[in-house]
Amino acid sequence: MDKRNRSAGIALALAAVLVTTPLLPLALWSFAGEWRFPDLLPASWSLRGWEALLAPGSRFTEAVLNSLVIAAAVTAAAVVIGLPAGMALGTHDFRLKGVVIFIILLPILVPPLASTMGIHLTFIRLGLADTMFGVFLVHLVPTVPYTAIILTSVFAERTGELEEAARTLGAGPWQAFWHVTLPQVAPGVAVAGLFAFLISWSQYILTVLIGGGTVITLPMLLFSAASGTDPVITSTLAVVFALPAVVALLLALRYLNPGNERGFLGVGKVS
Amino acid sequence: MIKTGFLPLVALLFLLASCGGTAGEASNGEGRSWEEIAAAAEGTTVNFFMFGGAEDTNAYVDEWVAPRLREEHGIELVRTPVSDTSDAVNKLLNEKQAGREEGTIDLLWLNGENFYTGSQADLWWGPWAEGLPNARYIDWEDPQINLDFGYPVDGYEAPWSQAQFVMIYDSERVEDPPESPDELLEWARQNPGRFTYPAPPDFFGNAFILQLFYQVTEQVEPYQGEFDREVFEEEAPELYEFLNELEPHLWRGGETYPASGAALDELYQNCEVDFTVSYNPYFAQRQVERGIFPETTRTYLFEGGTLSNTSYVAIPFNAPNKEGAQVVANFLQSPEAQAELQRRNVVGGLTTLDVERLPEELREEFEIKPGPAALSLEELQANRLPEARTEWQLALQDGWASEVQRK
Amino acid sequence: MIGERTRIALLLAPALAVILVLFGGGLYAALLQSLGYFPAIGMTEPGLDAYRAVLTSPDFLNSLALTVYVAGASTAISTVLAVLLALALRRAPGRISTALFQLPVTVPHLVAAVGVALVVTQTGLGARIAAALGLIGEPADFPALLYDRYSAGIILTYVWKETPFIALIVLAALRGVASELEEVAQTLGANAWQRFWYVIFPAIYPAVVAASLVVFAFTFGAFEIPFLLGQDYPTMLPVTAYREYRSIDLSARPAAMAINVILALLTALFAAAYLRLSRELRRG
């Protein structure tokens, strides 16, 4: 057993190095002053990147706010829409269930970029292009399937006995849902919501297409910086852009039940 | 009220103020007087879409232009960066197609094929540009102004700045920079991997292959007129043959090309190649002063002269605030704004005004004292070539993709 | 009292409406535009010209080949690494390995791309370490891993992002492997490889395939990383479609839509395969 533990330790250390390797230069560059090849560490440190983000005209604050507002609205909507679907799929068997699951699964595997290019002209005609609301709508495409699927598995793991008991004791269907079902699935709802938030937050190309350059979000600033020549600005933006992921990790560490090694984010993909 | 203590600037401001009041006869798209336009523009927001990859130009617009527009004209200027000007044109094409009569772009920085394509699709509102009060400082008879890459401007866009294509190199590593195609090939052979150019249709890539097209075919004239497929098919293979011969000696053996001018600059500042290119003749000087390019950086021209063009601002057909856009365009052309533009070497680097037309006391604002990395204005002006008409450029880019890139 | 079927339909309606209208409607509009039929913008003569042009163009075929290669290589490398990691880590403290793996899963792809680029570019961290070790003299000596013909930068970024994703799923599946069975196998004299092949692998195989399929479909249709780190030609399918779409030449529009439709059909096939597989999984 000792030998096994040691090899697991080595593997863990190796994995830790691999995971942190691409994140390390981002953190260093965001505080670097002069850092020329082949120096391993910056020759001087500076807050230039951070100052640049807050300089007038940088639109950083606007971009962060837009990203937050869109992601929050998308999270709320995707949970509200995904919850009933998850309930139906997780607790009932019906004809066409396979077809419904297939339809819900499609936008996870078929790139929403394809459908968004198709719908773009219609959005322009309806006046939805170039608006936050239009961007919010297309962000629902990659997020609703996730909340629906995650919540399906949450509901499928329950037996529903408690609701039955509540109903027998005279609770109405809403009361049963509100006082019994919801508290029970709350952790699952939180996971689904966190997921929707991260997916919307990370979205670049759908925002560019539908936002038409008018709706500026954080990834758009990062993308244009990454196409430029200043690694300091790029890295600083990247650090800010990665923050929600770090917060999610901390939440996971704090609230994760040690037995649940699957990790509460293990089932999904964030783009 | 006026915070700056410099006398010349105060004089400029006065001049501006008087401009606003007197040029009442100005013609514009709707035949209104300039006072009416300026009054209608007050208190509005103008959405200015512009290529966002030029940090110094962004800073000029955000830190210098926008606050003055707010103070002097009550206009809120919102700069929206696009990663490629063609994205904005594409957006307008979509809106035109979808029948969207109220768009989001009030003013767009552009020239060349973007203006041409937009003109073909009726995307521009106008004519208005010759009616701006400050248009009197512009020499509208000059083909560098009234033709945009050979295509008539006809008052549908207002000139903003002048640019000229230059080569930039590190004199420490390159003793005698190549000025002709033959010399370039020879140099690249002896220094494999140390030269490359951005892949067309990047703006700088387009310029580079057009510049070489002029040089390899040893003529400029025929490409100024209507596109002639026969002439093109006779002449272009010579260029592609040359570029293919050059390819194996390029950076990465020509396996790939930098995606943009900025990507090439990055290779240059990381010492991965010895040359870069610019459309701003004073770009190298500025990068040296900032410590981004090596001290030994120098600017030079290919023999026989280099491409030069004007960049403009245009107002889209569905711009929600056409009055505000005109006031902004007029401000951008003011001697004050143009002097600052040239001092900062932003946009194209050079003023678009005909300095001779300015009152004497303002002219010295436009004198340039080039540093060691730059060339004098006289040398630049003596070596200017016009851009080819857009159709020639488009044909060259297509040909490059099929004959050079994919082979 | 509403019937059970109505109740289910009502519960599903919002989600299905979002997907059918915004996603299905978008694909339908893409299909129409690819066929040259979109009366609202004056396209009224349907035809298959765009498909003919796209399917016979070497550009499209090169793009498709590159896409299959990048998605295939990223998936294969990530899967192998993930299984190895999961096996090595199954006895490590669950909380730590989960936390470690979760970070790349949640970090946006764009951040991963920028980070990997700063490591593998010719003046990046990798090159600096190589220079410090005396392996290279100047940046050009370091192998070109960005914008390169083998798409190394793209694949590396995907491997960094997707390996932990697969590993988490494999770790979960490994919990289902009865350790008694392994011990029995060991007492019977099975070596490590035999234990893996006959005891562990059959138990995790469906999860591995399902996870790999998701990764393959995702890397097949994703845009950001190849757009940022790919070479100028050929480009992966989503990038090719977007380039055609943003072209100022409107006649390129049907071709862009045709590529989108082809992309959607291919990835829908992967989705069908995935669903079938996970159903078999559930049946056991």
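A nonpolar core is a set of buried Ala, Val, Leu, Ile, Met, Phe, Trp, Tyr and Cys residues joined through C-beta atoms within 7 Å; a residue counts as buried if 20 or more other C-beta atoms lie within 10 Å of its own, as exposed if 12 or fewer do, and as partly exposed in between, with C-beta atoms placed from the backbone. The structure is a predicted model, in which local features need pLDDT of at least 70 and side-chain atom pairs count only at pLDDT 80 or more, whereas totals for chains, interfaces and linings use all residues. Residues are numbered from 1 along each chain as its sequence is written, and chains are lettered from A and ligands numbered from 1 in the order in which they are written.

The largest nonpolar core holds 179 residues, of which Leu222(A), Ala86(C) and Val170(C) touch the most other members. Helix 7 (residues 152-174) of chain C gives the most to this core, with 15 residues; helices (H or I, at least four residues) and strands (E, at least two) are DSSP runs, numbered from the N terminus. Another core, of 57 residues, lies apart from it and includes Phe195(B), Tyr257(B), Tyr268(B) and Leu380(B). When neighbours within four places in sequence are left aside, Leu222(A) is in contact with Thr234(A), Leu237(A), Ala238(A), Phe241(A) and Leu110(C), two residues being in contact if their C-beta atoms, placed from the backbone, lie within 7 Å.

Between chains C and A, 85 residues of chain C are in contact with 84 residues of chain A. Helix 1 (residues 4-34) of chain C gives the most to the chain C side, with 17 residues. By class, this side has 65 nonpolar, 14 polar and 6 charged residues, where Ala, Val, Leu, Ile, Met, Phe, Trp, Tyr, Cys and Pro count as nonpolar, Asp, Glu, Lys and Arg as charged, and the others, Gly among them, as polar.

The contact between chains B and C takes 21 residues from chain B and 15 residues from chain C. On the chain B side, helix 4 (85-97) and helix 5 (113-120) of chain B are the elements that give two or more residues, and helix 4 of chain B supplies the largest share, 6 residues. The classes on this side are 7 nonpolar, 9 polar and 5 charged residues.

Chain B averages a pLDDT (the predictor's confidence in each residue, from 0 to 100) of 88, and 93% of the residues score at least 70.
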